[in-house]
Every structure is written in C-alpha cells, then in structure tokens.
Amino acid sequence: MNIPGYQLGREISIGEYCSVYNALEIESSKTVTIKFFQPQLSSNPEFCRHVNTTSQLLLNKSIGNIISIKKAEWDPESCYLITDYFPCAQNQQPLQTEFTIDEVLNFGLQLANSLSKLHALGLVHGGVSTSNLVFPNLSQVTLGIVSFQRTFKQDSSVPALPVSMHEASYIAPEFATGLDARSDFYSLGVVLFELLFRKKPFIAGDIQQLQIKKEQMQYQVPDAFSKRLNPLFDKLLAADPDQRINNASDYIEVIEQCGYKIDNSSSYSEDFSTSTEQDSIHSPSTGKRHNKNIIIFSAAAGLLMIVILSFFMFGNQPIDEKTKSTRIGAIPSSEVDLTTLNNSENITPIAQTENKDKANELYQKSLQHISQNNYGAALMTINNALKEHPGHADALKIKVEIEHEFEIRAYLSRAEKLLQAGKLTRPENDNAFHTYTQLTSLLPDGDTRAREGMEKIAGKYYRLANDLVLKKQFDNARQYITTGLSVIADYEPLKQLDLYIRQEEAKQLALEEQEQQHQQKLKADRINRQKAAAQELQRQQQFIEKNKLAALEREQALKIQQQKELQKNIQLQQKRRKIDDLLSNARNLLRPDQLSHQSLNSSLEIHNELTTLTQQDSRVSNLFEQIINSYSVLARNQKEIPNLAEALTTIDLGLALDRNNTNLRNLKNDIQQLISEAENKQQEVPFIGTF
Amino acid sequence: MKHIPYFTASLLMATSLFAVFESAQASDISFTPRASISLTSYKFSQTARVGALANTGINGNDFPEITFEVTFKTLGLGGTFFKDGYYLDLSAQKSADEEDSFTLDDPLFSQPFVENFKGDRQDTAITLGKKILDNKGTVYIGYKTGKSEASGDQGQHLSFKEKGFFVGANYGWAVSNSGKLSVNIAFANLNGDLTEDVTNPLFATGTGPNDIVAPLDINATSDAQGLSYGVSWASRLSSNLSYSVSIDAKKYTFDNVKDSNPATITSKEFEEQLLSAMLSIYFQF
C-alpha cells in the first residue's frame with residue numbers, strides 16, 4: 001500500500017482487528033508505526049468516524065505514557081493510524097522479566113496517571129494489557145494507543161468483535177454492558193498482577209468460566225509476601241465497578257494502605273541516581289535492584305540513540321539480542337553487563353584479544369547485514385565492533401561505506417520524494433533529475449540506482465509524451481521527449497516515440513500535400529464550373545429576355561382577349577339577366593293560385609323566347625317541365641271544382657306539348673273516368689234495401 | 001193544428017239532413033235525401049181472451065178476438081249515405097191518425113158496446129248495407145222500431161211496440177235504361193211491448209173505488225218476428241231527382257206474451273199486418 005510521505009516497512013504483526021507495520025517517515029527520516037484496521041472494521045463508516053473523532057482528541061498530544069498518534073487517515077479503501085514508533089504487536093509471548101514490587105507499583109502509578117488523563121478527555125482506553133506495553137527502561141512504561149475496536153459502540157450493523165481468551169483475561173467483567181474508565185483500571189489490575197506474579201489472576205478453560213471467576217473474584221495472590229497487596233487487587237479487580245479504583249489518587253491511597261510509600265515529587269525514589277518527571281514508588285525491600293537499574297539505564301541511553309537511528313532509517317527491529325532492552329517478550333532472561341562498554345580503557349591484553357576477536361566477529365556480522373542490505377543493523381553492529389576495537393581498520397572502512405550508503409539513500413529518498421511530487425526537472429536545483437545527477441557523483445561505478453532513477457524520470461516523460469501523442473499533440477509531446485532525452489539521451493522509449501512522431505508528422509505532411517493538391521484540383525474544378533455557370537447564366541438571361549418579350553406579347557393579346565371576354569360577359573350577363581327576368585316572370589305566371597290557360601300560354605311564349613336565347617339551359621328545360629306540371633295542377637284544380645270538361649281541355653293542351661307526360665295522361669284517364677261516372681250517375685237511380 | 005208537430009219534426013229532420021249533406025259534400029261520401037208518402041193498409045188482430053171476463057159474465061166470460069183495420073196516410077223522410085259500395089240509410093215514417101171502432105154485442109148490455117179508436121203508426125230504421133253483384137243487389141242489416149197506438153173514446157188505450165235487429169237483401173234489374181225494378185225481403189227478430197189499458201167500468205169488477213179490478217189491462221212483453229217483402233220501380237225524373245214506387249208488405253207476429261200481472265189473461269197471439277204503396281222522391285246531388 002502506498003501512503004504518501006511514508007515508506008512502508010516490515011510487518012510487525014497481524015491481529016484480528018489490525019495489522020501493524022513499521023514505516024519510514026520520509027520527511028523526518030523517523031521510524032513510525034502504522035496500524036491498519038482490518039477491512040471488517042475499516043469498511044464500517046461508523047467505526048472509521050469513531051477512529052477519526054477519537055484521534056482528533058489525541059492527535060500529537062502527550063497523554064501521560066500513552067503513545068502519541070501522529071496521524072489518522074480514513075479513506076474508502078482503508079482506515080489506519082500512524083503513531084510514534086511502538087514495537088508492541090499484540091504478541092502473547094510470556095513475560096521474561098521479573099519486576100520488583102516497587103517497579104510494578106511504579107508502572108502502575110504511571111499507567112494510572114496516564115489513564116486518568118485519558119479519562120479526563122472523556123475517552124476510555126480499552127486496551128490495557130501487558131502485550132500493549134513497552135518498557136523503555138525498568139522505571140518507565142509506555143502504553144499503546146487506545147483500543148478503538150473495543151471502545152467502539154457497536155450497533156446491530158456491526159458484528160460483535162471476537163474476544164479471545166487472551167483479550168478476555170484483561171477485560172472487565174462488565175464488558176458486555178459497556179466499558180468505562182473503571183474498566184481500564186480493572187485491566188490495570190490484571191496487568192500489575194501479571195507483571196508481579198508472571199501469571200494472570202484468573203485462569204479458566206473458556207470465556208464463560210473466566211467470566212464466572214471474574215464475577216466471583218476468584219484470584220489468589222501466590223506468595224505470602226505479596227499478600228500485603230491484596231487490598232490493591234481487591235480494589236482493582238473488584239467485580240462491581242463501583243467498588244473499583246477509578247483514578248490515580250485512589251490508586252496511591254490504596255498503595256499507601258498496603259504499606260508502600262509514594263513519592264510524587266520525583267519519578268524515582270531517593271535511591272535512584274537519576275530522576276524523571278514520573279512518579280515513583282519505593283519500599284524498604286526494593287534497594288537490591290537499584291544499582292542494576294542505574295547501570296542498565298545509563299548504558300541503554302547511549303545505545304538507544306543508535307538503535308532508534310537504525311529503526312528510523314530501515315524500519316527494522318532495533319532490538320539486538322545483546323542490547324539491553326526492556327521490551328517485554330524481547331528481553332533475554334540473561335542480562336548483559338553493559339558496564340564493561342564504558343570501561344574499555346581498563347582492558348587487559350587478554351581482554352584486548354577477546355575484544356579484537358569480538359570486533360572481528362561483529363565486523364563479519366556487519367558484512368552479513370550489508371549483504372542482506374540491512375545497513376541499519378550493519379551500522380549498529382560495526383559501531384559495536386569499533387567499541388570493542390576502535391582501531392579496527394576494516395570496521396572503520398566499512399563504517400565509512402555504510403555512512404556513504406546512508407548518504408546515497410538520503411539522496412535517493414529525496415529524489416524519490418521529488419519524483420513523487422512531480423518535480424522532475426524543475427525547479428532548478430530542487431528536482432529529481434538534479435538530485436539524481438548529484439547522486440551520480442556519489443555512486444560507485446556499476447551502481448545503477450541513479451540511472452534507474454533517471455529512467456524513472458525519463459519514463460514519466462515518456463508517459464506524458466505518449467499521452468499527448470495519443471491526442472496527436474505532437475509539438476507538446478516533443479517538448480516532453482526533448483526534456484526526457486535531456487535526462488537520458490539514449491532513453492530508447494523516448495527515442496522510439498520521437499521517431500514515431502516524426503513518422504506521423506511525415507505522414508501528416510504527405511497527407512497535407514495530398515490534401516493541398518486535392519484542394520488545388522478542387523479549386524480548378526470550381527473555377528471551371530464557375531465559368532460554365534457564368535455562360536449558362538448568360539444563356540439563361542438571354543432566354544429570359546426572349547421570354548419576357550414573348551410574355552409581353554401574350555399579355556397584350558390577353559388584354560384584348562379579356563376585353564372581348566368582358567364585352568361578351570357583359571352581353572352574357574345582360575342575356576342572363578333577361579333570362580332570369582323571363583324565368584322569374586314565367587314562374588310568377590305559373591304560381592298555382594294564378595294558373596289559367598292564359599298564364600300557361602304566356603309562360604309558353606316565355607319558354608319559347610328562352611329557348612331561342614339559351615341553348616341547353618337546364619333552367620329552361622326545368623321551366624318547360626314546370627309548365628307541363630302546371631297544366632297538371634290547373635287540370636287538378638279544375639277537376640276539384642269540378643269542371644271536368646275544362647280540366648280535360650287543359651290536359652289536352654298539356655299533352656299537345658308533351659304527349660308522353662305520364663301525369664297528364666293519368667290525370668286525363670281519371671277525369672275521363674269521372675266524367676263517365678258522372679254520366680253513369682246521372683243515369684243511376686237510388687237503389688237500396690231496408691226493412 | 002194537429003199536423004203542426006209533424007211539420008216541425010219534418011222541418012227539423014230536413015234541416016238535419018241538409019247539415020248531413022253539407023258534411024258529406026266535404027268528403028267523398030255522397031248523400032241522397034228522400035221524402036215519401038204512402039198509403040198503408042194496417043190491420044191489427046189479437047186472439048180472444050178466454051175467461052178474461054169471468055167475473056162479468058159478459059160474452060160467456062171471454063173477451064172476443066179483436067181486429068183493428070185502418071188505412072194510414074203516411075209521410076216518410078230519410079236519407080242515404082253512399083261510400084264505396086256501402087250505404088247507411090236512415091228513415092222515419094209517421095202516419096196521420098185514423099179511426100176504427102170496436103163493437104161488443106152481448107145480451108147483458110142494453111145496447112151493443114161500441115168504442116171508436118183513433119190511432120197512428122210510427123216507424124224508424126237505420127240500415128247498413130253493401131252493394132253486391134256488381135251493384136245489382138244489396139245485403140243489409142239494421143235496427144228498427146215500430147209503434148202503433150190507439151185511444152178509444154170509451155177510455156181504452158192500446159199501444160203495441162216492437163224493436164230489434166233485422167237482416168235482408170234485395171236485387172234489381174235495369175229496365176231499358178229507364179228505370180230499375182227490384183225486389184226486397186227482410187227478416188227481423190224483435191222484442192214486443194204490448195199495453196192495453198181498459199178503464200171502462202163495464203169491464204171492471206169490484207165493490208168500491210179502491211177495489212176495482214180491470215181484468216182486461218195488459219202490460220206485457222213478448223217476442224216478435226217481423227217479415228218484410230216488396231217490389232219497387234225506380235226511375236229518374238231529372239238529373240237530380242228520381243222517384244220510386246214500391247209496394248211492400250210487412251207482418252209482425254207477437255208470441256210468448258208475458259204479462260207483468262201473472263193473473264192477467266192475455267191473448268195468445270198478436271199480429272200486425274201492413275201493406276203499403278209508397279211514392280218516394282230522391283234528390284241526387
């Protein structure tokens with residue numbers, strides 16, 4: 001995983017909740033610890049928010065002896081914390097150091113103070129256990145960061161966190177109902193018990209039995225001497241949180257009740273040669289360990305710087321087997337007498353021989369570290385060798401080489417940082433290329449690291465140029481290529497890309513020439529078409545002129561024609577008017593109430609006149625039909641009167657005009673029948689029968 | 001003065017017929033009114049009433065057979081609606097009063113009992129007929145009423161009525177375009193209503209004013225059968241007038257006589273016979 005500003009180093013451990021790595025903080029060249037939460041937690045936004053919120057309270061703050069959080073990051077991919085270097089790893093190795101009661105009580109005081117400060121911020125630690133402790137020396141303890149997974153208030157969407165037997169041993173019995181400040185003190189009680197007696201207060205086969213023992217406080221102080229501490233453990237391991245110690249003051253008070261003296265003014269009791277700001281505890285029985293502590297502390301102080309430097313530079317485990325460290329689980333049971341390191345002037349010849357052999361041995365080991373590319377360990381080892389034998393020439397030479405390597409690595413680190421920042425060749429004197437160039441002078445022959453770095457620069461230019469080539473931005477791409485080639489003149493990919501650009505440009509040039517020729521041809525064709533169009537236009541204009549003249553003549557002819565038609569229309573209208581008048585007169589004459597032989601004759605005369613005036617005018621033929629029908633109407637009227645003879649005359653007149661008229665013929669038949677009937681009736685006599 | 005009612009009735013009927021004519025003119029219905037006069041020989045008879053005078057001892061206790069014969073002069077008015085071979089004829093006839101006498105000579109009387117009767121005859125009929133046989137004949141049905149009344153100077157009053165439906169037919173022959181000779185026959189099934197009020201004390205019994213019994217009173221109903229037959233000659237007088245001369249015989253026979261008083265002894269049979277010679281004038285529009 002890539003974390004900007006940090007170079008991930010060795011994995012320290014992988015737990016159920018998180019994975020812990022060493023890392024180099026590039027800017028400060030310090031070793032730090034990065035804790036990555038497992039995906040099951042980091043994928044939970046609520047958890048990440050909890051981590052972020054809590055971290056904001058603790059960020060870069062010194063909370064007693066609790067390790068500082070330098071940074072907390074939360075992104076969609078992961079959730080992690082960066083702390084000061086803290087080599088604990090949730091390991092569960094058995095304790096290898098026997099602490100005195102005073103030391104343990106002193107640790108307890110430091111931890112109680114630290115927890116109280118943390119609780120004052122409204123936070124609960126939740127992760128107080130021996131595996132989360134580091135002992136820089138026998139008078140100081142450092143507690144790891146807050147257990148975010150345990151202090152996280154779970155809800156239904158987050159699965160319950162698994163609790164191993166190891167974890168369960170430190171967790172207060174009220175774990176299921178929620179942890180608070182008092183729970184941390186319970187864990188403190190377990191820790192102190194374990195530090196003192198190298199075993200846990202409650203041991204059971206499973207978690208349920210363990211819980212029962214916790215609730216029933218079934219623990220026992222193993223030796224009679226330590227039974228003085230029963231009140232302390234009764235108060236720390238109380239099953240009821242209300243009965244439990246929950247701050248540092250209570251802790252001090254209970255310790256004093258147990259017969260131990262607390263000195264808050266200094267970190268250590270008067271017997272200690274050096275003092276710290278930390279509290280200290282002592283009892284009459286603690287003097288036998290004080291001298292050992294002074295020796296260890298003063299010797300370790302010198303080596304600690306070397307070890308830390310080694311950690312910072314390489315992220316490797318800084319603890320050497322022969323280095324006195326109080327790291328629990330890493331401390332060998334047999335302590336090294338470092339006082340000899342500070343008394344080399346008094347070495348005897350036998351001792352000198354032994355030292356030289358030892359220096360040679362360390363020198364060889366250093367070479368082995370170098371072969372393993374572990375220059376930090378190599379420097380530490382070679383320094384030890386020089387301490388054994390300061391005049392060891394090979395060791396001195398190797399040390400120079402190691403320091404030279406460190407210098408190279410510093411350049412490489414800086415160059416990489418600049419490379420990452422995109423400062424490839426600019427700004428001047430502060431870019432990756434410049435740094436690699438400087439590095440080149442430091443590198444021995446055959447060392448290709450500067451070359452590789454420059455290839456990275458050139459490669460980056462290649463990628464930039466290639467992107468532009470894909471976009472056909474050849475000029476800009478060439479600038480990148482030029483710049484890239486200024487870094488490595490023979491960088492083949494850039495040269496290939498340059499060649500490709502040239503080929504593409506040549507192709508493009510050829511295409512452009514071809515296009516130009518095509519355009520010229522098109523232009524010539526266009527000119528020809530324009531000429532032809534002009535000629536065609538001229539021809540059309542002539543044609544239009546000719547047509548105009550013809551149209552003018554047609555127009556004049558049309559006017560004459562229109563005048564004639566107008567006159568004709570006027571005559572026609574007069575004629576129509578006359579026809580309309582005649583028709584109107586005829587229709588008036590043919591009104592049923594005015595019908596007579598005279599009116600019919602008049603209408604006939606009008607019809608005859610209309611016949612001469614019109615030709616096949618349907619109105620005239622309709623008028624004729626109307627006249628004939630009027631004969632029928634008149635005849636019917638006469639029949640109704642009855643004037644059958646007159647009606648018969650009318651019908652005959654009508655039939656004279658239209659002998660085939662069905663109405664008239666039928667009517668004539670009717671009238672003739674009526675006449676016949678009338679005649680018969682005149683002959684008829686009444687003929688009825690009655691009683 | 002005694003003819004004024006008949007004149008008034010005739011005037012009213014003529015007015016009605018004219019109104020009918022005007023209405024008929026408005027439609028396709030033709031109407032032919034007519035008037036007629038006739039001489040009718042009328043003969044009424046009823047059989048002897050055996051035992052009817054048992055308490056008086058007159059005439060051997062029997063009331064003798066009665067006949068009444070007169071010749072009426074009768075005036076008739078009528079009109080016929082014609083439409084598409086059908087006709088509806090209305091007619092009414094009424095005679096002038098005529099006289100006859102009844103004589104009963106019995107040894108009990110000091111002198112013969114003679115009573116002079118004066119009476120008349122009225123007839124009305126409505127007939128619906130259809131021409132058949134190419135207008136040569138007709139069949140018809142109708143309803144008629146007839147009433148003969150007479151009042152005697154000795155206090156008797158007689159009334160014989162008949163009414164009911166009849167059915168009949170006639171047939172005619174045109175005679176050389178000058179007229180038509182026709183025969184007619186009809187039958188009627190009638191109800192009779194016979195009344196005889198005999199108030200003369202001669203025929204009464206009883207001891208006091210409140211104990212008078214008139215044994216000869218008849219107030220009876222009966223069945224009656226009518227028969228009519230005759231022959232007629234009709235011809236035109238002008239374009240609008242025609243005439244007919246007819247001889248008709250009618251006979252009404254009353255039987256199944258039932259008096260309202262079961263004790264009354266009535267005649268078993270009553271009969272009227274009429275023989276008429278009638279002249280009718282038709283006005284043809």
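**Entry 1: what kind of model**
I am working with a predicted model. I keep that in mind for each entry below.

**Entry 2: helix α15 of chain A**
I started with α15(A), which runs over residues 449-470 and has 22 residues. From its first C-alpha to its last I find a reach of 31 Å, close to the 32 Å expected at 1.5 Å a residue.

Next I asked which residues of α15(A) are buried. They are A450(A), G453(A), M454(A), I457(A), A458(A), Y461(A), Y462(A), A465(A), L468(A) and V469(A).

What do the buried residues of α15(A) pack against? I noted four helices of chain A: α13 (393-420), α14 (432-442), α16 (474-487) and α17 (492-589). Just after the end of α15(A), I came upon K472(A), which takes a positive phi of about 65°.

**Entry 3: α14 with α15**
I then looked at pairs of helices. Two packed helices are described by the angle between their axes and the distance between the axes.

For α14(A) and α15(A), the axes come within 9 Å and cross at roughly 165°. An angle over 145 degrees counts as roughly antiparallel, and these two helices are therefore roughly antiparallel to each other. Their crossing is left-handed.

On the α14(A) side I listed A432(A), F433(A), Y436(A), L439(A) and T440(A), and these meet A450(A), G453(A), M454(A) and I457(A) of α15(A). By class, this contact has seven nonpolar, two polar and no charged residues. I went back to my buried list for α15(A) and found A450(A), G453(A), M454(A) and I457(A) there too.

**Entry 4: α16 with α17**
How do the axes of α16(A) and α17(A) cross? They come within 10 Å and cross at roughly 155°. That makes α16(A) roughly antiparallel to α17(A). I noted a left-handed crossing for this pair.

From α16(A), the residues F474(A), A477(A), R478(A), I481(A), G484(A) and L485(A) take part. They meet L494(A), L497(A), D498(A), I501(A), E504(A) and E505(A) in α17(A). By class I have seven nonpolar, one polar and four charged residues in this contact.

**Entry 5: α17 with α18**
I followed α17(A) to its contact with α18(A), a helix of residues 597-613. The two pack at an angle of about 160°, with their axes 9 Å apart. They are therefore roughly antiparallel to each other, and the crossing is left-handed.

Among the α17(A) residues here are K575(A), I579(A), L582(A) and L589(A), and among those of α18(A) are S599(A), I606(A), H607(A) and L613(A). The residues of this contact divide into eight nonpolar, five polar and three charged.

**Entry 6: loops of chain A**
Phi of N429(A) is near 70°, a positive value in a residue other than glycine. I count N429(A) as exposed because 8 other C-beta atoms lie within 10 Å.

A cis peptide bond also joins I641(A) and P642(A), with omega about 0°. P642(A) sits in the loop between α19 (618-640) and α20 (644-657).

R198(A) lies in the loop between α6 (181-197) and α7 (207-215). Its phi is positive, about 60°, although R198(A) is not a glycine. Is R198(A) buried or partly exposed? It is partly exposed, with 15 other C-beta atoms within 10 Å.

**Entry 7: chain B**
I turned to chain B, which has one helix and 11 strands. Of its 285 residues, 33% count as buried. Among contacts between residues at least 6 apart in sequence, 61% join residues at least 24 apart.

P33(B) is buried, with 21 other C-beta atoms within 10 Å. P33(B) and F81(B) are 48 residues apart in sequence but 8.6 Å apart in space, C-alpha to C-alpha.

**Entry 8: where the chains meet**
Last, I checked how many residues each chain brings to the contact. Chain A gives nine residues and chain B gives 33 residues. The side of chain A that touches chain B divides into five nonpolar, four polar and no charged residues.

Note on methods:
Residues are numbered from 1 along each chain as its sequence is written. Chains are lettered from A and ligands numbered from 1 in the order in which they are written. This is a predicted model: local features need pLDDT of at least 70, side-chain atom pairs count only at pLDDT 80 or more; totals for chains, interfaces and linings use all residues. Two residues are in contact if their C-beta atoms, placed from the backbone, lie within 7 Å. Ala, Val, Leu, Ile, Met, Phe, Trp, Tyr, Cys and Pro count as nonpolar, Asp, Glu, Lys and Arg as charged, and the others, Gly among them, as polar. The expected span of a helix is 1.5 Å times one less than its number of residues. A residue is buried if 20 or more other C-beta atoms lie within 10 Å of its own, exposed if 12 or fewer, and partly exposed in between; C-beta atoms are placed from the backbone. Axes are lines fitted to C-alpha atoms, for helices over the stretch in contact, and angles run from 0 to 180 degrees between N-to-C directions. Angles under 35 degrees count as roughly parallel, over 145 as roughly antiparallel, 65 to 115 as roughly perpendicular and the rest as oblique. A crossing is left-handed if the near helix is turned anticlockwise from the far one by less than a right angle, and right-handed if clockwise.
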